[in-house]
Amino acid sequence: MGIVRHFDICVIGSGSGNSIIDERFADRQVAIIDAGVGPDKLFGGTCLNLGCIPTKMYVHPADLAASVQHARDLGIDLTLDGVHWRAVRDRIFGRIDPITEAGRQWRTTGMPNVTLLQGRAHFSGLRRLTVVAEDGSTEDITADQVVIAAGSRVRRPDVPGAEEVTLHSSDTVMRIDELPRRMVILGGGFVAAEFAHLFSAFGVEVTVVSRSGALLRREDEDVSRRFTQSLSERCTVRLKEHLESFEQLEDGRIRVNTVGPSGPASYDTDLVLTAIGRTRNGDTLATEATGLELAADGRIPVDKYQRTPVQGIWALGDVSSEHLLKHVANAEARTVQHNLLSPHHPVATDHRYVPHAVFGSPQVAAVGLTEQAARALGITYVSAVQQYGDVAYGWAMEDTGHFCKLLADPVTGHLLGAHIIGPEASILIQPVLQAMSFGLDVRAMARGQYWIHPALTEVLENALLALPLD
Ligand SMILES: Cc1cc2nc3c(=O)[nH]c(=O)nc-3n(C[C@H](O)[C@H](O)[C@H](O)COP(=O)(O)OP(=O)(O)OC[C@H]3O[C@@H](n4cnc5c(N)ncnc54)[C@H](O)[C@@H]3O)c2cc1C
Ligand SMILES: NC(=O)c1ccc[n+]([C@@H]2O[C@H](COP(=O)([O-])OP(=O)(O)OC[C@H]3O[C@@H](n4cnc5c(N)ncnc54)[C@H](O)[C@@H]3O)[C@@H](O)[C@H]2O)c1
């Protein structure tokens, strides 16, 4: 066995974990271990390379392409003369790939106290890790503090034929060379919603196959219903269908076999995109070797300070969080950073009001309780729904069917939840976050400030005013 190097801190993962180590750690010896993400084992984690950033860089041109129909409704004739997929793709990765490489270079040579170990780590003892490099060589290291920021991975369908056909996921589909004519998207969550928007906007005939009865089914029931209806106007949407198998056809296409409410169905398609969720990577780390047991749902258990039950081991992001969201992983990374630097004055992560946005068409954004959850929990609430189409900017947009729904506590006047479906939902939700985070009363929020007229934020203003509070 070779020499076992010892470090003060070891971070597993170069996504959100990578942001922890800055010049304030100059007096510590730090190892960053990274296996890389996607087929090219890219440095820098999911959000930068395979997740938030490239998807939203696709969504913006998709929004432009999809605006043709809406423009026509307003008396403007636009035509979509072509989608230059490779140009769109190369613009996106032409920006991202150099950032990825610069990040890797910085970690390789940028700080003398930081050692980048490229390989896959697993625990082989108490705060001891074995790193297996691509070429199969191994190195063991130990560390006083270990930060697990190992993220999550795409879940693969486990049905007959899955190994015999090429299945795309969010890891691969953004780098394809040509747009397919037809595409089947399996799943009805965030990834399915966003890719259904962008590929259908680019002219692909998209069929979304979901096993649940509505898309985005964890959203407020009114939002989920509206979103399902909207996407059904642009794509073929098949609900309550269970995946049975895949078959490779002789002409190169793939047959997707399902069983739905009206019996078996099959779809012959050029490309299959699986979007059936993600699995946390804790199960790949042999955590039992360091005395750390995974929670029943596969999460690495952490307390509010991001500490695992094993002293000196921390975890953050997808691997340990309830939320698979970058802004949550970032907040948790800041907590770990602070607590490593100031162990005697630890801070906790604030998970009270975690928002999310789905960048589909229409956009969806939400925070707090859904109406069905409030009902199930027996929480007393009042609610209000404000249509975009009933405020001035909604008239300008000739909007139909998009809305903001608020739930509030009738006693305290505090917001319990907000659910927005429509243009710029991801931006419109932000004042709600501010109000909830700082305990602002709905009435004070509605009337204690100016609301710019006739901006789209009047949707939120009017929803606040419509809440039946004394
Ligand atoms: C298509 C898509 C779109 C998304 N869009 C959004 C969005 O718009 N907004 C949002 O908030 N969130 C979005 N997300 C979620 C977001 O990307 C993740 O929540 C976030 O990237 C998680 O960060 P992380 O640091 O926990 O994990 P990652 O960024 O995945 O980092 C984990 C790191 O650990 C490394 N690793 C794993 N196992 C090992 C090992 N054994 N040894 C060494 N290294 C290892 C990996 O190589 C990787 O670098 C999206 C996700 C996807 C897939
Ligand atoms: N805008 C964003 O913030 C954003 C965008 C994309 C992804 N993400 C994050 O990434 C995570 C993963 O996204 P996702 O869409 O893959 O997962 P998801 O959990 O949002 O949706 C998974 C979907 O797959 C279905 N499904 C699960 N198992 C299945 C099976 N065996 N057969 C058929 N269908 C099955 C589920 O019913 C659900 O509709 C999300 O939880 C989200 O937190 C965030």
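Three strands form an open sheet in the order E11-E12-E13, and their pairing is antiparallel. Strands (E, at least two residues) and helices (H or I, at least four) are DSSP runs, numbered from the N terminus, and two strands pair if DSSP finds at least two bridges between them. Strand E11 (242-248) and strand E13 (263-269) stand at the edges with a single partner strand each, so one side of each has no neighbour in the sheet. From one strand to the next, the twist averages 20°; axes here are lines fitted to C-alpha atoms, for helices over the stretch in contact, and angles run from 0 to 180 degrees between N-to-C directions. E11 pairs with strand E12 (residues 254-260) in the antiparallel sense over 6 bridges, and histidine 242 stands opposite valine 259 in E12.

The model is predicted, with local features needing pLDDT of at least 70 and side-chain atom pairs counting only at pLDDT 80 or more, while totals for chains, interfaces and linings use all residues. Residues are numbered from 1 along each chain as its sequence is written, chains are lettered from A and ligands numbered from 1 in the order in which they are written, and side-chain values use heavy atoms, leaving out hydrogens and water.

A second open sheet has 5 strands in the order E17-E18-E21-E20-E19, again with antiparallel pairing. Its edge strands, E17 (356-358) and E19 (382-387), each pair on one side only, and the twist averages 10° from one strand to the next. E19 and strand E20 (residues 403-408) run antiparallel, joined by 6 bridges. Within this pair, serine 383 stands opposite leucine 407 in E20.

Turning to the ligands, ligand 1 is surrounded by 35 residues, the closest being Ser16, Asp34, Thr46, Lys56 and Asp318; a residue is near a molecule or strand if one of its heavy atoms lies within 4 Å of it. This shell divides into 14 nonpolar, 15 polar and 6 charged residues, where Ala, Val, Leu, Ile, Met, Phe, Trp, Tyr, Cys and Pro count as nonpolar, Asp, Glu, Lys and Arg as charged, and the others, Gly among them, as polar. Several elements each supply at least two residues of the shell, including strand E2 (30-34), helix H2 (52-73) and helix H6 (326-341). A nitrogen atom of ligand 1 is 3.0 Å from a polar backbone atom of alanine 35, and an oxygen atom of the ligand lies 2.9 Å from a polar backbone atom of glycine 36. At histidine 327, an N or O atom of the side chain is 3.4 Å from an oxygen atom of ligand 1. Taken alone, ligand 1 exposes 1000 Å², and the protein buries 94% of that (accessible areas come from the Shrake-Rupley method with a 1.4 Å probe).

Ligand 2 has 19 residues around it, and the closest are Gly188, Val191, Glu194, Leu324 and Ala357. They divide into 8 nonpolar, 4 polar and 7 charged. Helix H4 (residues 190-201) gives the largest share of this shell, 3 residues. Domain 1 (5-153 + 279-341) and domain 2 (173-276) each contribute at least three residues, with domain bounds taken from an automatic or database domain assignment. An oxygen atom of ligand 2 is 2.9 Å from a polar backbone atom of glycine 188, while a nitrogen atom of ligand 2 lies 2.8 Å from an N or O atom in the side chain of glutamate 194. The protein covers 81% of the 840 Å² of accessible area that ligand 2 has on its own.

Key. Polar contact = N/O pair within 3.5 Å; in protein donor to acceptor, adjacent residues only side chain to side chain.
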